[in-house]
Amino acid sequence: MYNLPDERGYFGEYGGRFVPETLMEPLLQLEEAYSKVKNDETFWQEFNRLLQEYVGRPTPLYYAVRLSEKLGFKVYLKREDLCHTGAHKINNCIGQALLAIRMGKSRIIAETGAGQHGVATATVASLLGLRCTIYMGEEDMARQKMNVFRMKLLGAEVVPVSSGSKTLKEAINSALRDWVTNIDDTHYLIGSVIGPHPYPMIVRDFQSVIGREARKQILEKEERLPDYVVACVGGGSNSIGIFYPFLNDDVRLIGVEGGGLGLETKKHSASISNSQIGVLHGCRMYLMQEEWGNIMNTYSISAGLDYPGVGPEHSYLKDIGRVRYEYATDDVALKGFRELSQLEGIIPALESAHAVGYLFVSDIPKDSIVIVNLSGRGDKDLDIVMREMNYE
Amino acid sequence: MNRIVDAFNKAKSNNRICFIPFCEFGYPSLEGFSKVINIICKYGDIVEVGIPFSDPIADGPIIQRASDIAIKNGANISKAFEWLYNFRKDNKSTPIVFMLYYNLIHYIGVKEFFKIARDMGLDGVIIPDLPIEESDNVYPYRDGVSVIWLASVTTSDKRLKKIVEKSDSFIYCVSVKGVTGPRDEISKDGLDLIRRIKKISPIPTALGFGLKSKEQIKSLTSLADGVIVGSEIVRIIEDSNDDELERYLEELKSATSML
């Protein structure tokens, strides 16, 4: 029976708590607070009520008829793009913010790449009356002006990060430095299944609502489990969220990483396909590095996948062969983006477009039943896609 | 490791506490570093050398910047070992401790890293992102090289006990909640941390994070066994000439006297 992480926060040889000493006590406090609410029904009632009334759950499992005809197998889309704020990120934000309140914290901080997690965090902070600071790379701020404005409108302070590659990796560094300085009143609301224990476990648990719903919905519609579940993988929160409830089933799980300009170009963010292991941001995981251990500046057309590591649980699921990890290049993702828009009237986030695009290059046999996690909507990416399509 | 223990004993017998200056390998340049370290070794009882890393999460802006510049200068852990090997040809007495993030050790492989460290004449390592809960990753492989654990103002007495048990040279006491960088005052919690350790163990303690002035150091001589000064030295290396660096180090060193 699958029951991870262990009490030291390890999934096999991945995970752990590689953090400055000052952060150990708040991590232990978080672990304790979480284990307390785990069996506290009032906490989950509140969580589920907000998911239902505020986020709009359950999200539909939609049978994509025209896409299925074109591909030759049945595709169901798990519509996380219909969540309030436009992506699955808010599921975890609600859970962690409620937890922060139970721990007596009055301020939350978060990192963001494209801005989805930042917007979701700022939204929940506004909803629950918490002070909020978001760290965002300068480069990303320039690319995602709308989301920066959104966060500010929601009442969050957005702090530009100008070190290193000025993207998500540095935003996490800055958030960790803020946290270590302000642990008394601040909770760090990590947005993916990365970071030190207990974060990968907590984020997975809050996101696994996606898979639980999808499993129930497909049984209602098809009276059987799917043959495949496909999701994109950056840090890995939407994918673990949909995979986790299927782990003990006879269902093939496929994670699609950001292949960028192709693995041979080194301009990609396919950490697992890259096969190096390292330690960053508090955990041991598949991690892209330069010679002598500095972390590589990765690339993907989608900011949400542009991260050099991948969650420790994914790293473990890869090694035991339970999940297959593939990648989709920028071009394949753009194909998915166009096809879904034109066949189904759904404009996906570029992250999710990697999972959709992968279907077109996969070896999935005809007549299979496939669930794809459509983790977010594409409004935020229109600028980028316009440029890529040379639209004047 | 023995050189570190000796340094604390020697300082004590001279009625001083240990002075532990920090500098960043490869900063301000690879050659510049060799010059700086020779000056620093004149004053430091133990010298802490930071190894540049792309993601130094425990460091404030001054050391972050030095680390970035050092990387651009081509500095890395391999070159640092090479430097140490040559350094040890002329200097067999100054204890050298590397401050480096865990991934740099992990990259080489823990066992291999400590073997090289011992062979090159490294006395200890400070790993700012490795808490005692992860000690199994390195402790069994240290091979005569001291692993210097950090204790912080937030560390509970229960965990402090575990840290003391695994310490074989000294404990690096983090005086503030936060990252490295000079501060005007030493927190009461920082002083309490040293007292809490003294209560359970005779292991030497050195206070770091935030120290910059001779007054601060003077005020610690009756309590701590050592002081670590980092960011302010790096700042002076950037802004001033060698003479000023030397003057600053001399001033700090004389403040370590218990008399």
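This briefing walks through the cores, cysteines, salt bridges and chain contact of the structure above. The model is predicted, so local features need pLDDT of at least 70 and side-chain atom pairs count only at pLDDT 80 or more, while totals for chains, interfaces and linings use all residues. Residues are numbered from 1 along each chain as its sequence is written, chains are lettered from A in the order in which they are written, and side-chain values use heavy atoms, with hydrogens and water left out.

**Nonpolar cores**

- In soluble globular proteins, nonpolar side chains tend to be buried together.
- A nonpolar core here is a set of buried Ala, Val, Leu, Ile, Met, Phe, Trp, Tyr and Cys residues joined through side-chain atoms within 4.5 Å; buried means under 20% relative accessible area, exposed over 50%, and partly exposed in between, using a 1.4 Å probe and protein chains only.
- The largest nonpolar core holds 196 residues, and Val49(B), Trp83(B), Phe98(B) and Phe113(B) have the most contacts inside it.
- A second, separate core has 25 residues, among them Val75(A), Leu77(A), Ala328(A) and Val372(A).
- Beyond its neighbours within four places in sequence, Val49(B) is in contact (heavy atoms within 4.5 Å) with residues including Phe22(B), Phe33(B), Trp83(B) and Phe98(B).

**Cysteines**

- With a disulfide taken as a pair of cysteine sulfur atoms within 2.5 Å, the count over all chains is zero.
- Cys132(A) is buried at 8% relative accessibility, and its sulfur lies 8.9 Å from the closest cysteine sulfur, in Cys93(A), which is too far for a bond.
- Cys41(B) is also buried, at 14%; the closest cysteine sulfur to its own is in Cys23(B), 7.6 Å away and too far for a bond.

**Salt bridges**

- A salt bridge is a side-chain nitrogen of Lys or Arg within 4 Å of a carboxyl oxygen of Asp or Glu, and the whole structure has 51 of them over all chains.
- Arg49(A) and Glu53(A) form one at 3.1 Å, N to O; both lie in helix H2 (residues 41-55) of chain A, four residues apart, about one turn of the helix.
- In that pair, Arg49(A) is partly exposed at 37%, whereas Glu53(A) is exposed at 59%.
- Asp205(A) and Arg204(A) pair up at 3.0 Å, N to O, and both residues are buried.
- Glu21(A), Glu25(A), Glu133(B) and Arg159(B) are linked in a salt-bridge network.

**Where chain B meets chain A**

- The contact takes 40 residues from chain B and 38 residues from chain A.
- Buried area is the accessible area (1.4 Å probe) that two parts lose on being put together, summed over both; between these chains it is about 3,100 Å², with carbon and sulfur atoms giving 52%.
- On the chain B side, Ile57(B), Tyr107(B) and Lys177(B) lose the most area to chain A, together 21% of what that side buries.
- Four salt bridges are counted between chain B and chain A, and Asp55(B) and Lys169(A) meet in a salt bridge at 3.0 Å, N to O.
- Helices (H or I, at least four residues) and strands (E, at least two) are DSSP runs numbered from the N terminus; H5(B) supplies six residues, the largest share of the side of chain B that touches chain A.
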